[in-house]
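Morning, everyone. Let me put the model up, and then I'll walk you through it.

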Amino acid sequence: MTYSYISHLYCPKCSNTYSAKEQHHLCVCGSPLLVDYKLDEIKAKVTREEIAGRTHDLWRYHELLPVEDEQNKVSLGEGMTPLIAMPRLGREMSVENLYMKDEGMVPTGTFKARGAAVGISKAKELGVREFAMPTNGNAGAAWALYGARAGIKSTIVMPVDAPLITRNEVALSGAKLYLVNGLISDAGKIVAKAVNEHGLYDASTLKEPYRIEGKKTMGLEIAEQLGWTLPDVIVYPTGGGVGLIGIYKALKELKVLGWVTGDLPRLVAVQAVGCAPIVKAWEEKKAESEFWPGSASIAFGINVPKALGDFLVLKALYQTAGCAIAVDDQVMIEEQEKIAQLEGAFICPEGAAAFAAIRKLRESGWIQEGETVVALNTGAGIKYPDTVKVDVPVLEIGDSLDGKVTN
Ligand SMILES: *Cc1c(COP(=O)(O)O)cnc(C)c1O
Ligand SMILES: [Zn+2]
């Protein structure tokens, strides 16, 4: 049995092709590379029914993933997260068919584990012994931990301001961890130098082609969980844009396979008002974004001032008649609280931004009555202990709640 139907790597900018049997990073033209599969063969040999009976993780789609030998699979059970109906929130914002794909439940508490699982597995297959990457926190945590599981060493560089919890995750994994007095872009420059001088495998966002493949499984799962139908709209909190590029790629592959039919969902990129390069480019109908100076947001996962794959994100928006929209930090926090109160879900600020965007798009009429809308909650709220500020009364020993409790 063929485990993967990977065929080769190709450049979405200049169409150069590369072998998937050796290590490659960017195309000679500077563009990220994408993975191609022998979809005709998958179509002839694999059925949707067969997939239904497989393990409940992202490896159920192994034919559409790049790892050729199952022995190289490095897994902590990631993927196949629940697609949860949000009826009370949906009613409140007049989106009756509202769903949350909850990525807070994967190992390390964010969907970054999908990219890490597939990226690390493929790195193992390609003989990588040590990798390096810059990170805002969540990606570094996932890659360092999956690296540890694979026995691959890691060097991680993150801003001193990156969340303490992600710093601890990386440190505990045994990675070589460095903090930089600067931004993720400054961490990136230090990593690029180390890669050049010491021959480390560069696992920076989109500088290795396989992280997208892990993240694309979110798109495969949404289709499968909706009974191989597609929603009208998918809303994604966008930083580097890897998840959105991946979901778009997944949906196109499913169409070629004939596993789904009809129009692709309109894809929506959500950013923070304090860091919205994709939104600006989309509003100006540009093909690429510009560096966003002085970027800032509590939603650190989407605080990316310039993404290497911006042109791929924008293409996905234009091709699906989607849009890009920015949400204020304060609005994210209010939405996060509303979701906890109406649906019992403690989601991350990035996920809350997606729901706040849906609310705005429904109010403007961009989302129409009766449409099915899926929001990605990209991580668990508990990874952001300092985002929530509460004021709680403190009792003295022996105090009573008389007059305070309402029944
Ligand atoms: C990284 C991250 C994002 C953004 O993901 P991209 O695929 O890089 O756009 C969103 N939310 C969280 C919680 C993240 O960690
Ligand atoms: Zn190229």
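Ground rules. This is a predicted model, where local features need pLDDT of at least 70 and side-chain atom pairs count only at pLDDT 80 or more, while totals for chains, interfaces and linings use all residues. Residues are numbered from 1 along each chain as its sequence is written, chains are lettered from A and ligands numbered from 1 in the order in which they are written, and side-chain values use heavy atoms, with hydrogens and water left out.

Metal first. Which residues coordinate the zinc ion (ligand 2)? Cys11, Cys14, Cys27 and Cys29, each through SG, at 2.3 Å. A donor here is an N, O or S atom within 2.8 Å of the metal (3.2 Å for Na, K and Ca); water is not among the atoms, so sites may look incomplete. The spacing of the donor residues in sequence is C-x2-C-x12-C-x1-C.

Now the geometry. The four donor atoms subtend angles of 103 to 119° at the zinc ion (ligand 2), which makes the arrangement tetrahedral. The test for four tetrahedral donors is that all angles lie between 85 and 135 degrees. For reference, the ideal angle for four tetrahedral donors is 109.5 degrees.

Are Cys27 and Cys29 buried or partly exposed? Cys27 counts as buried, at 4% relative accessibility. Cys29 counts as partly exposed, at 41%. The cut-offs: buried is under 20% relative accessible area, exposed is over 50%, and partly exposed is in between, with a 1.4 Å probe and protein chains only.

Stay in that part of the sequence for Ser15. Ser15 sits in the loop between β1 (6-10) and β2 (17-18). Helices (H or I, at least four residues) and strands (E, at least two) are DSSP runs, numbered from the N terminus. Phi of Ser15 is near 70°, a positive value in a residue other than glycine. Ser15 is exposed, with a relative accessible area of 57%.

Next, salt bridges. The rule is a side-chain nitrogen of Lys or Arg within 4 Å of a carboxyl oxygen of Asp or Glu. How many salt bridges does that give? The count is 26.

Take Lys101 and Glu221. Their side chains form a salt bridge at 2.7 Å, N to O. This pair links distant parts of the chain: Lys101 is in strand β5 (residues 97-102) and Glu221 in helix α8 (residues 211-225), 120 residues apart. Both Lys101 and Glu221 are buried.

Now Lys286 and Glu284. Their salt bridge has an N to O distance of 2.8 Å. Lys286 is partly exposed at 34% relative accessibility. Glu284 is also partly exposed, at 37%.

Then Arg359 and Glu335. The closest N and O atoms in this salt bridge are 2.9 Å apart. Distant parts of the chain are linked here too: Arg359 is in helix α13 (residues 349-363) and Glu335 in helix α12 (residues 329-343), 24 residues apart. Arg359 counts as buried at 16% relative accessibility, and Glu335 counts as buried at 4%. Shared partners join Glu92, Glu335, Lys338 and Arg359 into one salt-bridge network.

What does Glu335 touch? Leaving out residues up to four places away in sequence, Glu335 contacts Leu89, Met93, Ala352, Phe355, Ala356 and Arg359. Contact means heavy atoms within 4.5 Å.

On to the core. A nonpolar core is a set of buried Ala, Val, Leu, Ile, Met, Phe, Trp, Tyr and Cys residues joined through side-chain atoms within 4.5 Å. The largest one has 124 residues, and those with the most contacts inside it include Ile42, Phe131 and Phe355. Helix α9 (residues 242-257) supplies the largest share, nine residues. Where does this core lie? Domain 1 (6-75 + 110-202) and domain 2 (83-105 + 216-382) both give residues to it, so the core lies between them. Those domain bounds come from an automatic or database domain assignment.

Beyond four places in sequence, Ile42 touches Tyr5, Tyr37, Glu63, Leu64, Leu257 and Trp259. There is also a second, separate core of eight residues, among them Ala132 and Val180.

Trp228 lies in the loop between α8 and β10 (233-237). Trp228 has a positive phi of about 55° although it is not a glycine. Trp228 is buried, with a relative accessible area of 13%.

Last, Gln319, in helix α11 (residues 310-319). Gln319 counts as exposed, at 54% relative accessibility.

Key. Tetrahedral: all angles 85-135°; square planar, octahedral: opposite > 155°, others 65-115°.
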